[in-house]
Amino acid sequence: MRLILALLVALWAASAEAATVYVCDTGGDDTRSYATAQSVLTPWDTIGRAAWGTTNRAAQNSALAAQTGDTVLVCAGTYDFAGVVSDRWSAVYNPANPGVTFEAAAAVTLTAASTASPVIGCDARDSVIWTGAFTLDEANILIAADTGPVVLHDASGCQVVGVTLIGITQAYNDNHNGIRIEVCDDCLVRNVSFTGFRKTPDNHNGSCITAYGTTNTIIEHIDCRDSAAGVFWKDTSTYVHGGNIVRYSYFEGVGQMFVMSLVGATSTETGSTHYQNVGADVGACVNTIGDDDAGPTGDRFINN
């Protein structure tokens, strides 16, 4: 009983300490303290200040950044990152602390013309959430090869909800994805709109979502259009997926709705379940790929 009470007190204390901090490109000031930025009347100016604790991504200060449990409420506007990251796994706004929620209070556009990296997501930070009317258009973002504008990497419990992603055909022979999920377990992608994720040459390596080594992740209510592939489970002998769900989603003008690959693998995957998804003008519903007779196993497709 004492243990239960202690846990309840700890959870209550953590909840009580959580705060909402504000970011607004009109009236914002990045020199303000963490406590001052908890008022909508005195916001920070940039998302980076909230994510990193400083205005310099290379010199972060977790004590001055949004804390675990906090919500960063971003007001309407266009927010630009002018620097270069050059990392296909670590997003520009990867927070210094885990468990931070970034929420668009209204329409927010994110640009990063020279970053050569994803812009939002999580990298080695659990339970990071991006939710609301964030728009990322690759016409205004320089991504790296083998990635996309959003990456969930080496973490658990991360979420992307309600975001709009607009791709352009990338002229390189590598993966090009709206969202790349790599070793991110118990994650969530919901109500995300994708369009235009293709590459040269045009094949299934251009996708709305590509995932490696992902387990117990839910993809639901997505709208994936004009892309080479929808959801691509792309695994190796090191990364094997299992227990994921894709449901209630719409695919239009895609070459392949689902691509299942277990390339060169020798271990057995537990598979994922796909149900109540709808496709229109789709080249193929399911494409299975395997090297050395080691194709994917255990995946289920129900009422699509």
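What pattern do the disulfides of the chain follow, with bonded cysteines counted along the chain?

Guide: The model shown here is a predicted one. Its disulfides number 4, and with the bonded cysteines counted along the chain, their pattern reads 1-2, 3-4, 5-6, 7-8. Three of these links may be described in turn.

Consider the link between Cys-24 and Cys-75, whose sulfur atoms are 2.3 Å apart. The torsion about this S-S bond is about 95 degrees, so the disulfide is right-handed. Cys-24 lies in the loop between strand E1 (20-23) and helix H2 (47-52), while Cys-75 lies in the loop between strand E2 (71-74) and strand E3 (77-80), so the pair ties together parts that are 51 residues apart in sequence. Both Cys-24 and Cys-75 are buried.

Cys-184 and Cys-187 form another disulfide, with 2.1 Å between their sulfur atoms. This link is left-handed, with -65 degrees about the S-S bond. Cys-184 has a relative accessible area of 0% and is therefore buried; Cys-187, at 3%, is buried as well.

A further disulfide joins Cys-208 to Cys-224, the sulfur atoms being 2.1 Å apart. Here the value about the S-S bond is 85 degrees, and the link is right-handed. The pair connects distant parts of the chain, 16 residues apart: Cys-208 belongs to strand E15 (residues 206-212) and Cys-224 to strand E17 (residues 223-225). Cys-208 counts as buried because its relative accessibility is 0%, and Cys-224 is likewise buried, with a relative accessible area of 0%.

Note on methods
Residues are numbered from 1 along each chain as its sequence is written. This is a predicted model: local features need pLDDT of at least 70, side-chain atom pairs count only at pLDDT 80 or more; totals for chains, interfaces and linings use all residues. Side-chain values use heavy atoms; hydrogens and water are left out. A disulfide is a pair of cysteine sulfur atoms within 2.5 Å. Helices (H or I, at least four residues) and strands (E, at least two) are DSSP runs, numbered from the N terminus. Buried means under 20% relative accessible area, exposed over 50%, partly exposed in between (1.4 Å probe, protein chains only).
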